[in-house]
Amino acid sequence: MIEPLPPDDADLARLYRHPVPDRGGYVRANMISSLDGSATSAGRSGGLGGDGDRRLFRALRADADVVLVGAQTVREEDYCTPDHPALAIVTRGRIERTGRLYPDGGPAPIVYSGGGQSVDLCEVVADLQRRGLRRILTEGGPGLLGALLAADLVDELCLTIAPMIVGGTGRRIVTGTDLSGRHCTRGPVLGDEDGYLYTRWRR
């Protein structure tokens, strides 16, 4: 059964309150996909979003301690470092020191670099928890989400399905490691008048 997306932001925030277990942390992923499985439109995930998706995006961020994202997504989506939550970036190489990522007098991102190699994501999550950043929200991209899933680090996937068919060669929400046979448990499904579906999946 599809329930309506709450029109009130406070109700939406309560519905999506970020769980934190007694020990450790909780990794939640937030992604969007078109009806034909593309994670982007015109090269950016933001091209798929609507008003409801943007409200959910803000609610999830507001309740997280840290946003964990891959370097390629930072470049493609033109990320900036917010005052809250903290921003953590995973990269094989280096991160360009742009004004948006390193604002004068503002917070700097936490960067995990593999020096040309893959980053140990189990250690990344453990380090974030040691810093007190236990409510972890990842916004991808597809490569990072695939690696987190392969390492069994994702507790919950919030997937918005946009009422669009985009075609082309856009990536899916997950790339990389073969995850055949990985099953998830469906949570509540919400919808809005614009035709978007807001789904939640737990391991």
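This note walks through some features of the structure above, point by point.

1. **Before you start.** This is a predicted model, in which local features need pLDDT of at least 70, side-chain atom pairs count only at pLDDT 80 or more, and totals for chains, interfaces and linings use all residues. Residues are numbered from 1 along each chain as its sequence is written, and side-chain values use heavy atoms, with hydrogens and water left out.

2. **Salt bridges.** Side chains of opposite charge can pair when their charged atoms come close. Here, a salt bridge is a side-chain nitrogen of Lys or Arg within 4 Å of a carboxyl oxygen of Asp or Glu. The structure holds 17 of them. One joins Asp-63 and Arg-135, with 3.2 Å between the closest N and O atoms. This pair links distant parts of the chain, 72 residues apart: Asp-63 sits in the loop between helix H2 (51-62) and strand E3 (66-70), and Arg-135 in strand E6 (residues 135-138). (Helices, H or I with at least four residues, and strands, E with at least two, are DSSP runs numbered from the N terminus.)

3. **Buried or exposed?** Buried means under 20% relative accessible area, exposed over 50%, and partly exposed in between, using a 1.4 Å probe and protein chains only. Asp-63 counts as buried because its relative accessibility is 18%.

4. **Arg-203 and two aspartates.** Which residues pair with Arg-203? Asp-152 forms a salt bridge with Arg-203 at 3.2 Å, N to O. That pair also links distant parts of the chain, 51 residues apart, with Arg-203 in the segment after strand E9 (197-202) and Asp-152 in the loop between helix H5 (142-150) and strand E7 (156-161). Asp-155 meets Arg-203 in a salt bridge as well, at 2.6 Å, N to O. Asp-155 lies in the loop between H5 and E7 and Arg-203 in the segment after E9, so this pair ties together parts that are 48 residues apart in sequence. Asp-155 is buried, at 14% relative accessible area, whereas Asp-152 is partly exposed, at 46%.

5. **A network around Glu-156.** Salt bridges link Arg-28, Glu-156, Arg-200 and Arg-202 in a network. Glu-156 belongs to strand E7 and is buried, because its relative accessible area is 0%. Its side chain makes a polar contact with the side chain of Tyr-26 at 2.9 Å, and another with the side chain of Arg-28 at 3.3 Å. A polar contact is a pair of N or O atoms within 3.5 Å; within protein, one must be able to donate a hydrogen and the other to accept it, and residues adjacent in sequence count only if both atoms are side-chain atoms.

6. **Helix H5.** The buried residues of H5 are Pro-142, Leu-144, Leu-145, Gly-146, Leu-148 and Leu-149. They pack against E2, E3, strand E4 (86-91), helix H4 (121-130) and E6, where contact means heavy atoms within 4.5 Å.

7. **Cys-122.** This residue is found in helix H4 and is partly exposed, with a relative accessible area of 43%. Leaving aside neighbours within four places in sequence, Cys-122 is in contact with Ala-151 and Leu-153. Cys-122 and Thr-138 are 16 residues apart in sequence and 14 Å apart in space, C-alpha to C-alpha.

8. **Backbone details to look up.** Most residues other than glycine have a negative phi, and most peptide bonds are trans. Where are the cis peptide bonds? One joins His-84 and Pro-85, with omega about -5 degrees, and Pro-85 is in the loop between H3 and E4. Another joins Gly-140 and Gly-141, with omega about 10 degrees, and Gly-141 is in the loop between E6 and H5. Asp-78 is not a glycine, yet has a positive phi of about 55 degrees; this residue lies in the loop between H3 and E4 and counts as partly exposed at 43% relative accessibility.
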